[in-house]
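Subject: Two-chain model for your files

Hello,

Here is the structure I said I would pass on. My notes on it follow below.

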Amino acid sequence: MGKKVIVVDDSKFLVKQIVEFFEAEMGYEVVATGNDGNEAVELYEKHKPDLITLDITMPNKDGQQAMEEIITKYPAANVVMISAVRGDTMLECMSFGAKGYVEKPLKFKDAEFVSDFKSTIEEVFEE
Amino acid sequence: MDIVKETLNSLLRGIAETAKETVESFFMIDAEVKDDWSVEERLSGEFDHIITLGCSNSDYQGVIMVASEDDHVSAFFEQKDELVDIYGELANTYCGMLMDCPGVSEQFGVLSQAVPMYASKRAFFPRAWAVTGKVYVGDSWIQIGFAVRGFAMMINR
């Protein structure tokens, strides 16, 4: 059975692309989507998915805060950040326990990008 | 000469090329930049659609602008009802890619992003030097801008 995934990004345009990636390329089941950090925490608690992806720059509560809340409460949570944010944020997220960090733009028509993205997700479950 | 203006002049081509790369990778289309990119004393202009996205660190404050006229939109994407969402994400992505543009984060540091905001008709960000120009697909274009000012500069003016 495919893994259960939650996708959270404040851009509905990108949510659609990420959902399509998980369903078509990975064979995963996207059980819910959200648009801010508050929804991310609520949806994680409701669905307990195998994986949640979080954008960082979002209204109400950013993805880094949501990641910290989720991992504090569920230390085994698999969280992958998908963000355009550069700098120390990647290290901060990985140090806290995020399992991956994918930098935007998401080039879903670029075979190399798709391959790298798939590898990042697969490595989450190999740890 | 103002250090921000001088820096932006030296980075002008790279910032324009980064705008092109952002549009190409975001919309997965071929785009081009022409010779209309310039450094200006403020970010301003009138457009049908404008998204601005603030970004800052302890030393600098910046604004990313993505703007267009209504009849140019369809060359880039079909989902016109999602324009605010799409331009916001484009601005967010451009800000991130600018931090990878050689010279930008070395000079200004990494600028943390705020969430995008929509405005109609007029963009205006004063007391800041700005790089702005168009990214074309055929004859259609999206106007993209990056304005930045140092906090010390604001105090001294």
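The accessible surface of chain B comes to about 6800 Å², and carbon and sulfur atoms hold 48% of that surface. For chain A the accessible surface is about 5900 Å², with 44% belonging to carbon and sulfur atoms. Accessible areas are from the Shrake-Rupley method with a 1.4 Å probe, and for residues only the protein chains shown count as cover.

Please keep in mind that this is a predicted model, in which local features need pLDDT of at least 70 and side-chain atom pairs count only at pLDDT 80 or more, while totals for chains, interfaces and linings use all residues. Residues are numbered from 1 along each chain as its sequence is written, chains are lettered from A and ligands numbered from 1 in the order in which they are written, and side-chain values use heavy atoms, with hydrogens and water left out.

Chain B

Chain B has 4 helices and 8 strands; helices (H or I, at least four residues) and strands (E, at least two) are DSSP runs, numbered from the N terminus. From the N terminus on, the order of elements is α-β-β-β-β-α-α-β-β-β-β-α. The radius of gyration of chain B is 15 Å, which agrees with the value near 15 Å for a compact globule of 157 residues. That radius is taken over C-alpha atoms, and the globule rule is 2.2 Å times the number of residues to the power 0.38. Along its principal axes, the C-alpha trace of chain B spans about 45 × 25 × 25 Å.

Of the 157 residues in chain B, 54% are buried (buried means under 20% relative accessible area, exposed over 50%, partly exposed in between, with a 1.4 Å probe and protein chains only). Among contacts in chain B with a separation of 6 or more, 73% are between residues 24 or more positions apart; contact means heavy atoms within 4.5 Å. Chain B carries 12 positive and 25 negative charges, and their mean positions are 10 Å apart. Lys and Arg count as positive and Asp and Glu as negative, with His and the chain ends not counted; each charge is placed at NZ of Lys, CZ of Arg, CG of Asp or CD of Glu.

One backbone detail in chain B is B:Arg127, a residue other than glycine with a positive phi near 55°. B:Arg127 sits in the loop between strand E6 (117-125) and strand E7 (129-137) of chain B. Its relative accessible area is 46%, so B:Arg127 is partly exposed.

Chain A

Chain A has 5 helices and 5 strands, in the sequence pattern β-α-β-α-β-α-β-α-β-α. Its radius of gyration is 13 Å, close to the 14 Å that the globule rule gives for 127 residues, so chain A is as compact as a globular protein of that length. The C-alpha trace of chain A spans about 35 × 35 × 30 Å along its principal axes. Buried residues are 52% of the 127 residues in chain A. There are 14 positive and 25 negative side chains in chain A, and the centres of the two sets lie 5 Å apart.

Some local points in chain A:

- A:Lys4 is in strand E1 (residues 4-8) and is partly exposed at 32% relative accessibility. Beyond its neighbours within four places in sequence, its contacts are A:Glu29, A:Val31, A:Pro49, A:Asp50 and A:Leu51.
- A:Lys48 is not a glycine but has a positive phi of about 45°. A:Lys48 lies in the loop between helix H2 (37-47) and strand E3 (51-54), and is partly exposed at 45% relative accessible area.
- The peptide bond from A:Lys104 to A:Pro105 is cis, with omega near 10°. A:Pro105 is in the loop between strand E5 (100-103) and helix H5 (111-126).
- A:Thr120 is in helix H5 and is partly exposed, with a relative accessible area of 22%. Leaving aside neighbours within four places in sequence, A:Thr120 is in contact with A:Gly100 and A:Val102.

Between the chains

At the interface, 22 residues of chain A are in contact with 18 residues of chain B. The area buried between the two chains is about 1600 Å², and carbon and sulfur atoms give 61% of it. B:Met28, B:Asp85 and B:Glu89 supply 32% of the area that chain B buries against chain A, more than any other three residues. Buried area here is the accessible area (1.4 Å probe) that two parts lose on being put together, summed over both.

Regards
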